[in-house]
Amino acid sequence: MRPIMLKSQVAIQDSLGEARLGSYARATFSAANPLIGMLIGSLSDHWLLAALFMVHTESHGVSPCLTAAACRALCTFTDRRIDFLAARLCSFSTEASSDKVVSKSVYCGAFPCRRFAWSSTTGCLRVTSKLNVNSLLDTTCRFVAAALAAVESYLSRLRAVLIRDVLLMTKLSRVINAVFHAAQVQEYDCLSIVQVGKENMSVNDGDSCLHAAISTCYRFLRRVLLPSLSVIPPNPGPVMEVWYSLKQLSYATRQSLYHSWQGRAIELSAIGSKHYELVRAECLTGRSTRHILKRVANEKRFSKHVGRQLAKSAHSNPIVVFQVLLSQIESYDNMIVPLVESLSFMTPLALDVLAFVLPLRLRVAREKVQKDGVNIARWFQHLAQFAGVFYRAQPSTELQGLISCLMMSLRAGESVDLLIFNELLARMGGCEMLEDLSDTQLDALAGSDLLRRELLTFEKPSRRAVLRLRDVLCNSQVAVPLLTLVAQQCSVSTFRRAQGHVKLLSQFHDKNLLVFMQLIDFLASTLSPATFCSETHNYSVHAYCRNAWSGLENLYAKLLPRWRDLCRGLGIDPPIAFHAARPLMSAALESRRLDALGSDIITWDPLSKLLYQELASSCEELSAVPLTFYLFFWSCSLRDVFVPRDKYVSKVRDLRMRCMQDTAFTLVRERRTKDPRRLAETAATLEDDLANQEAHLEFIFSELRAKVALPVPSGQKCWTCTTRAIVQFCASPRLTLSSEDALFCAKFFLKLHLLELPHFSSLVYFHCIVHHVTPMVLCVTECEATSLGIFLKTTFDTLKRWRCDPDLFASEAKSKQGFATSPGSSHRCSYEQYCTVFKKWHDMLTRTVEYGLDNYDEYGRTCLIVLIKLVGVYPLFVESYNTISDRVVTIKEQLKMKDLQVMAQRYEQLMGQQRCDLIPPAE
């Protein structure tokens with residue numbers, strides 16, 4: 001054979017002289033060209049001759065495989081070589097149970113007379129005869145690796161023109177699927193194998209050959225199959241075959257493949273860096289996608305038609321389709337909902353590509369803040385909103401890439417990216433939070449979860465989306481780093497961010513705090529035992545929480561680090577750390593009431609010595625505050641100190657009436673029979689929740705009287721210092737966290753007054769609130785100003801009622817120990833003395849507000865937010881009303897700050913409604 005090969009080489013070299021080859025290179029190959037005939041003839045017998053011919057022609061800038069005849073001949077030649085391998089690799093059954101061995105008549109190329117079997121227990125091939133299993137396995141792996149290496153040399157000539165034979169694509173995809181499945185059973189990381197390379201591994205021969213096969217299949221996907229999909233006519237069959245191979249890889253491996261598929265650029269920008277057929281196909285796909293998007297409408301009847309057309313275009317070029325689609329969403333947010341509905345027709349491969357493209361669009365080097373330096377860029381807001389809506393509608397789509405992108409941004413200090421996480425938690429996790437709550441909604445926050453859902457108008461969460469987000473977030477590798485990064489963003493956005501507009505920094509601080517509370521709410525609610533046991537939620541139990549089902553373990557307790565690690569190790573501020581641990585502390589108090597305190601949450605029991613000792617060793621600065629009081633205050637929530645009984649009763653009465661009305665229609669419409677039953681069950685559940693919460697409230701108050709006490713003051717100065725320290729370390733840090741915490745602080749200290757906690761002075765407390773808390777209106781953000789207004793309104797409402805009703809003052813204030821004029825004294829503050837002190841407090845608040853309104857360009861917005869919340873309880877005197885009214889008119893007449901002007905107009909209208917209730921100067 002060797003002399004024949006040499007003569008053939010000489011003949012080819014003579015026929016391809018420089019002059020003739022140059023003429024052929026400048027001409028276009030056709031089917032009648034004799035060189036094409038020589039190539040087709042050599043492909044029928046000798047691959048080496050064909051390879052030599054293609055090397056010579058390609059070195060002069062001409063690819064003979066571009067002609068249809070040569071391409072068909074090469075595809076036929078490759079199909080014959082790969083058919084032998086596909087028939088053997090694709091015949092193994094991988095769906096057997098773990099204790100069963102599936103045996104089939106499969107013959108290896110090296111041993112055609114031996115029967116092999118696939119063992120699902122060991123995950124490898126084995127021989128049913130008495131031959132050496134290891135040697136046969138190594139030989140089989142070597143045969144597969146050698147066969148794939150030979151096929152790779154054929155496919156390197158085809159590249160994107162493989163589309164001329166879709167059957168060959170299908171066979172190749174199934175071969176790759178079989179190899180990747182073997183690697184998955186053997187628990188190999190395909191990406192590490194591709195990156196390291198088989199020559200750098202010290203493994204046995206069988207593993208080395210399998211590694212070589214995996215690397216070859218990876219190159220098949222990257223160089224042949226994915227580029228071929230870009231130019232293939234719309235056909236979901238080959239797309240799904242390729243996806244069956246891709247879905248066995250990790251997301252990082254698939255992401256590297258998609259990155260190679262995308263290349264340096266797409267469409268016209270890719271000219272010169274990609275094959276011209278790929279560029280042409282991308283340009284046609286981009287043009288058709290833009291034409292389809294012009295027909296997008298909010299009507300649902302059009303979304304199906306548009307969705308089918310988009311899916312048809314995305315079969316071949318999903319990267320181009322989604323780049324165009326996201327660019328349109330960046331400009332028009334009204335396209336988000338109809339486009340997300342249209343994505344239901346996409347293939348799994350297209351949705352997985354969208355999960356790759358979306359983080360890329362979010363990480364594009366563009367300004368995420370508008371030119372005014374105050375508001376977040378619209379394109380970023382639209383993409384964040386799209387991410388939340390899309391993952392709620394398609395929760396099975398890969399989410400790991402977006403979460404990893406978010407964590408990278410937070411590590412870099414980009415707090416603006418928390419807007420994405422806010423949308424995911426609100427829409428996908430069902431943890432929506434209202435920033436401006438009414439009085440009814442505030443009271444509903446103190447009730448049970450069912451009362452919250454009934455009174456707060458939230459969109460019903462998707463069960464599939466909640467479970468999917470829980471699977472992604474609720475593990476120690478993601479949850480703890482993400483929780484730490486979000487908790488640290490409050491200080492990062494304030495102190496480490498480049499100097500910007502104060503309003504922008506305020507928005508970042510509020511958004512960081514909101515997202516942190518959403519994350520804690522999601523983790524605590526989805527990992528608590530009540531989530532798995534409650535029939536109301538009806539969540540399914542996953543594999544990793546079946547032990548928690550039997551032992552009612554709190555998975556959130558296992559996930560959250562210890563207190564010392566939170567504050568000292570992770571650098572989280574104590575108020576933020578207490579908010580993260582409060583669900584566990586509340587669960588420990590409830591378990592103590594039921595005598596069912598488990599070992600998983602005993603370390604978070606606020607009445608135990610374990611947490612007390614840990615807190616004492618990590619918080620040396622709290623020497624002025626009793627640690628028992630400090631720990632009890634931060635462990636309680638609004639539900640522990642207040643029961644909205646009237647809201648429970650009114651809601652139950654409303655449900656009973658609706659149940660009676662719906663029962664009357666049961667004979668007319670049979671489907672309504674479920675509604676009365678559901679309403680009756682909800683009403684009964686609310687009644688049980690009311691009884692349980694009242695019993696829990698009695699337990700909390702009894703524990704407060706028995707185990708929490710303030711130190712005995714040695715004098716008036718010590719008495720004042722202790723109360724001031726309580727306001728500084730307890731009330732002030734917590735009342736600005738959220739509206740719920742602000743209402744809790746006001747209710748908690750009023751309960752201490754009514755319960756007559758020993759050595760607690762209510763007069764000193766109110767005085768410290770007016771002196772040290774009201775000036776905070778000049779140094780808070782907008783959301784903090786809302787919380788501060790709720791706290792001051794609840795506090796001043798009680799003070800106002802005592803001021804206006806002497807009998808109520810005598811029963812609720814003067815009779816209590818907190819109104820003693822000195823420590824241990826039986827002398828109480830009289831009504832006349834209280835009126836004098838109340839006027840001083842009122843004037844102190846007026847002076848603070850007056851200063852803020854005079855400097856309205858800096859403090860006007862927060863002052864007006866607090867004043868709007870205080871309508872009805874402040875101002876109470878005519879002179880204060882006139883002072884504030886004059887300054888509000890000044891703000892209303894200025895034209896520089898339009899938003900402030902609107903707020904001033906609103907407050908002026910609210911003030912006019914309360915004018916008749918003012919106290920004249922004579923009183």
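**View 1. Cavities in the predicted model.** A search of the whole structure finds 5 cavities of 30 Å³ or more. On a 1 Å grid over the protein atoms alone, a cavity is a set of points where a 1.4 Å probe fits but cannot get out, and lining residues have an atom within 4 Å of a point. Grid points are joined across faces, edges and corners, and a volume is the space filled by probe spheres set on the points. This is a predicted model, in which local features need pLDDT of at least 70 and side-chain atom pairs count only at pLDDT 80 or more, while totals for chains, interfaces and linings use all residues. Residues are numbered from 1 along each chain as its sequence is written, and side-chain values use heavy atoms, with hydrogens and water left out.

**View 2. The second largest cavity.** Its volume is about 50 Å³. The lining includes S230, W261, Q262, K274, E282 and N317. Helix 11 (251–262) and helix 14 (318–331) each give two or more residues to this lining, and helix 14 gives the most, with 3 residues. Helices are DSSP runs of H or I with at least four residues, numbered from the N terminus.

**View 3. E330 in helix 14.** E330 has its place in helix 14. Its relative accessible area is 9%, so E330 is buried (under 20% relative accessible area, 1.4 Å probe, protein chains only). Leaving aside neighbours within four places in sequence, E330 is in contact (heavy atoms within 4.5 Å) with R361, R366, R378, W379, H382 and L383. E330 and W379 are 49 residues apart in sequence, yet 4.3 Å apart in space, C-alpha to C-alpha.

**View 4. Helix 12, residues 276–293.** This helix has 18 residues and reaches 26 Å from its first C-alpha to its last, close to the 26 Å expected (1.5 Å times one less than its number of residues). Among its buried residues are E277, L278, E282, T285 and L293.

**View 5. The second largest pocket.** A pocket is an open set of points with protein on both sides within 12 Å along at least five of seven lines. The volume here is about 1100 Å³. Of the 39 lining residues, S506, H509, V780, T781 and E784 lie nearest the centre of the pocket. Helix 24 (502–526) and helix 37 (782–804) are among the helices that each supply at least two lining residues.

Technical notes:
Buried < 20%, exposed > 50% of the residue type's maximum accessible area, 1.4 Å probe, protein only.
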